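Please keep the sequence and the model in view while reading.

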Amino acid sequence: MGMEQAWVLPAIPVVLFVLIALFNGLMPRRGDFLAILGMATVVGLVFLLLLDFTGSFRAGEFVPGGSNVFAFDWINIGQGFFVIEFSTYVDAITMVMLPVVTIVALMVMIYSTEYMRGEPRYGWYFAVLSLFVAAMLTLVLSGNLIQLYLAWEGVGLASYLLIGFYWERQSAAEAAKKAFVTTRIGDVGLLIGIILLWRATGTFDIQQIIAAATSGQIDSTYLTVSMLFLFGGAVGKSAQFPLHVWLPDAMEGPTPVSALIHAATMVVAGVYLVARFSPVYAEVLVARDVILYVGLFTAFMAGTQGLVSNDIKRVLAYSTVSQLGFMFVALGVGAVGAAMFHLFTHAFFKALLFLGSGSVIHATHRQEVEGLGGLRHKMPITTATFIVGSLALAGIPIFAGFFSKDEILHALISDGPAWAYLVLAATAVLTAIYSTRLVLLTFFGKPKDQHAYDHAHESGPAMTGPLVLLAILATVSGFFVFDQVGEALGLAGGIGALVYLDQPHHFTTLDWTFAAGAAGSALAGVIVGWAYWGGDAKRAVGARSWAPDLHAFLVNRWYMDHLFQAIIDRVILGLASVVAWFDKRIVNETGVDGGAQTIGYFGYRLKFLQTGKIPNYALGMAVGVVALTLIAVGG
Amino acid sequence: MTDVLGNTLNLQYELLLPEIILAITAVVVLTLDAFKKELRVGYNSLPFVSVLGLVGAAVATLLLLDNRGNFALLIELDDFTTFFRLLFIGTAAVLIIGSYEYIERHVSHVGEFFALILLSTVGAIYMAAARDLLTAYLAVEVLSFSLYVAVSLAKNDPRSGEAALKYVLLGGVASAMLLYGLSLLYGVAGSTQYAEISEALAAGTGDVTLPLLLGLVLIVGGLGFKAAAVPFHNYAPDAYEGAPLPVTMYLSATSKAATFALILRWFAGPLLPAVDDWAWMLAAIAVATMVIGNLVALQQHNIKRLLAYSSISQVGYMLMAVTALAPDTGVATSGAVLVHMVGYLVTNLVVFVGVIHFYNKTGKEEISDFRGLAQTNPYLALTLTAGLFSLAGMPLLAGFFTKFILFQAVASADYLWLVIVGVVASTVSLYYYLQVIKQMYLYEPLVPGRWRLSATGYLTTGVLFFFMVAIGIWGAPLYEVADAAAGAIFFV
Amino acid sequence: MDSTGIVIGFWVLSAITVVSSLLVLVARNLMHALAFLVLAFLGMAGLFITLSADFVAVAQVLIYAGSISVLMVFAVMLTPLASRDNGNSLYVLPGVVAGLGIASLVAFVAVDTEWAERTGAALAESDFASTVGEVGRLLLGRYVLAFEVASVLLLIGLLGAIVLVQERRRAATQSPDEAADTGARDGGAL
């Protein structure tokens, strides 16, 4: 498996998708084993690819920004006027994404065999999962923007299908629609950005575009606008403010899906996109500042919302939005290595947390923390792994999240404004608080719903196995920060040298003093959380009654959804109804219905009056002609 | 032979074979219908013979593939003509095969109906093939008259006659506008031959700029009516709603495509030297059409009216590309229009054939009547969903790729602001397409129980579905064909 | 436009055509409107004669002023409840404004332009004694295809007429209630 054959990776799940979607009824177990075997093969191939890549890296043969590894012309019209290739491109950023996507996907598929057992459309579920993996792998491997955009929409479609998997539930279908439409708004930005870049460079090839943009061939204002549009796509997909509203609702989908798509892989596509174009963003600092502040605001806002939510999955969703904000902050100060590192660790611990919450939901059929509690007695493995995940999320040392979050904070204090660092550090404390709260309310204390508690039981090995594996990954994946680990794997200068070559100072050694401060604040967060929600959570209730307005503000998600709903209802639909009214009443006087009914009631005599309305249409046309003439003469 | 003016004329009648076959088939169908009892044939013989004629015409077209030239300086036979011959013949075949059950039950005068479809196909083909304003105008009228009559043919639907009346009266106004515009153009250029008009306009229009402008305005207005572009679109939703469903489909498919064939022939050919005079008019119309078409579609409750406004907005996208025709990138741009037209046509036919079969079963056409279709007929629901997604421009379906290439062409011609309007407008469109999809998947059906399409229903939707996906994934052959066709219409 | 006679003829005929067209619009009685329409057709025929287009002029008289007008008279007479008055439109004012706008645009363009005219020798050369022969030769020679397409157009018109007539007969055999419903359709059928 060399880099030239990387196209095989998405090809396998595509074939599986077609097979399972069409023939799952004929297969034993509806074809789930096929999806898992295929996925395991892909994981194996990814490791072979990794060996090939590190080999060529060691041999000094790898050139970042080199030509596409594999390409053929897909469409070529107008004698080279419009060429779309199918191409794959492998570099360090790709090599971070590939293991994340494939390993989490494999874990989720294994987990789903138990979690989804007995569901209707079980085969379809695995088919769509395969489709998603295929699209996601195409996305991270694609060497040109068209292919990237197609894959981008492909993961969106798979996400839509999976959020709406329980489409009998009104809320699920609504959430699917919301996610779809909201991310589409971002996609429009991406599409416009792609067209703008194509217009300036005449190519869709990502490396050629980067080369053209960094060599100053594009006017800097034009480039800034293009890159902002591109970032618009990332904002939609990665649920950043103001398009973050879809992600919490997307929790209507099956929990393993949330783990895969809405925590580990699809939502980080935006981070991937910006990281991919990071050399260009380094040229347009205005755009980079926008990324920084959007990420910062989102991280803080989502962190506060995570404090009050009662639904396990929603807390995790807010935390995902918040952590994605962390990654964008890192990108906003140019610390691509830190962003990718956090992406890497976050994928494992967040997938772990989601799968853990799935285990709880599976056991109790409840997902509001008000109905849970005390589950540590019944579900020891789930509890233990969930705590590992939470500690990683909170940023407690030795767990993965600590190292990666530390990298981001460190980058921010070196290259960003001081107040931004304070906000982000405060958000990190908030993270520790709400993760502690979640663990305490779910697994500790007294059971709040005795019936659910009585029926709770530890999940089977198909579910606990992936939990344990992910818990291990959530612990050890942070160690890649140490150069010794990288060197042990045969990479001189550690992983950091590989992942981001031109900013070694962000990714080589750990600054222990700084790290101690970060660890201290995380611990402080845990302690605050423990003080408020430990035992019977008297203090938490007290705090809520002390500041009811603030609580309502947070529970209502900063009233952001209300605001958007109002904008859609009042402005867009209002405008549409005004235009429709105009179209129907002023120009078009009576629609065909009205006319026909009038005739039905008043019979024959009114007929000529009715046809008398036709001049109004003609009048519209005449006005059109006059207006056109004016434009023609004026223009 | 030569005419009185000394022009050498080529009168090879075999070049007209496809249209001759179509016209004769129309007469045969009429005769069959009139003597049904005497000849002891049933209803099914009519669609059968019609399709036979269409197949014959298609075969004749393919046999004539390499014969280029003109017929008596009136009709040009080139790749562009061949492209549209096949497109229109194919559309008519889909219409007849996909909806003959509907026609039997809900259309009065079935024999005349099939004859009208065949004859109007002749008109549509000659709109694409004309190389003289005279033939072009006559072809426009052949198509329009067929449609005026066809719109009135819905059985037991009072809306039908009223729609036809509106359509015919306003169509008359539009034809008058078009004709007056053409007269002015003749006055300016001194010829009705496209090639000579092109030469005359290229030589400079210093003294006659004003009549040329007025002529262009009137031509744009007349064609704008035929294509249903804002503000000449008012008749369209009424006509679409009142017409029998297959005619609605025909209005949104062949009628529009033929109008755009004519627009391309004119604006890329004889009128291209005057591009600076008409580009802004078309840009204004394109923006108005995209914005109003999409916004008003948000408010519709009837599937026919929804599709009417949706097709209006599609017209806006194509007009936008015509705006961007320029001598240097013109071939690629008009190729993009052709590609988008085929993509739109295929997608639109998928949706309409689906809706026709839905109507065959339920007799309903409100959007809310589609509730629960995913449970009662998952295949149809899936087909309609894919079709609507393609109309909205979702990737991997025809609609995305063709629209993308269209936008691309416009962007490269420096009409970036138009592209942005177009992209935003097409995002709005997703909302109203999702409304239909929501009905199908979210709600319980009013009348539970599964039902199936007829064999021809599966056949037509299946084939169209295949093409829709094929164009979306592997469109290269289509692009090549469209590029060759577009190359034929330029004089410079 | 050389001789004074033709110039005077042009203005007189134009005045007849324009004034009677306007009267068609304002006439309350449909029969009166029709009469003015015939007058306008005749004025047009006269204009064709001043252009030496004798065949077109005769065709205009025969087809428009003759048969089509008669057909319309029959249609009005045979429509039982047709109100004979031309009802008011709510949009008179905007209609007049838009109409005036277009008319003035056209007039301005027509007057303002230096049209390429045939004068002197070129005019004399193109001045056929009678155009009938030329028209016939062109119609069946060079424009034979246009002629055929026009015949297809007529066939479609014929089909339309058949459809409408059958519709009317069916409506007549229905009960009064149903007839009221199909009234719309008759209206649509004109």
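Ala72(B) counts as buried, with 22 C-beta neighbours inside 10 Å; a residue is buried if 20 or more other C-beta atoms, placed from the backbone, lie within 10 Å of its own, exposed if 12 or fewer, and partly exposed in between. This is a predicted model, in which local features need pLDDT of at least 70 and side-chain atom pairs count only at pLDDT 80 or more, while totals for chains, interfaces and linings use all residues. Residues are numbered from 1 along each chain as its sequence is written, and chains are lettered from A and ligands numbered from 1 in the order in which they are written.

Q: Where does Ala72(B) lie?
A: Ala72(B) has a positive phi of about 50° although it is not a glycine. Helices (H or I, at least four residues) and strands (E, at least two) are DSSP runs, numbered from the N terminus. Ala72(B) lies in the loop of chain B between β1 (69-71) and β2 (75-77).

Q: Is Arg40(B) buried or exposed?
A: Arg40(B), which is not a glycine, has a positive phi of about 55°. Its place is the loop between α2 (36-39) and α3 (45-63) of chain B. Because Arg40(B) has 8 C-beta neighbours inside 10 Å, it counts as exposed.

Q: Which residue does a cis peptide bond join to Phe241(A)?
A: Omega of this bond is about 5°.

Q: How is α3(A) oriented relative to α4(A)?
A: The axes of α3 (residues 92-115) and α4 (residues 122-141) of chain A, lines fitted to C-alpha atoms over the stretch in contact, come within 10 Å and cross at roughly 175°. Angles run from 0 to 180 degrees between N-to-C directions, and those over 145 count as roughly antiparallel. Therefore α3(A) is to α4(A) roughly antiparallel.

Q: Which element gives the largest share of the side of chain B that touches chain C?
A: In this interface 40 residues of chain B are in contact (C-beta atoms, placed from the backbone, within 7 Å) with 34 residues of chain C. The elements that give two or more residues to the chain B side are α5 (110-129), α6 (133-151), α7 (158-189) and α9 (209-227). The largest share, ten residues, comes from α6(B).

Notes
Contact = placed C-beta atoms within 7 Å. Parallel < 35°, antiparallel > 145°, perpendicular 65-115°, else oblique.
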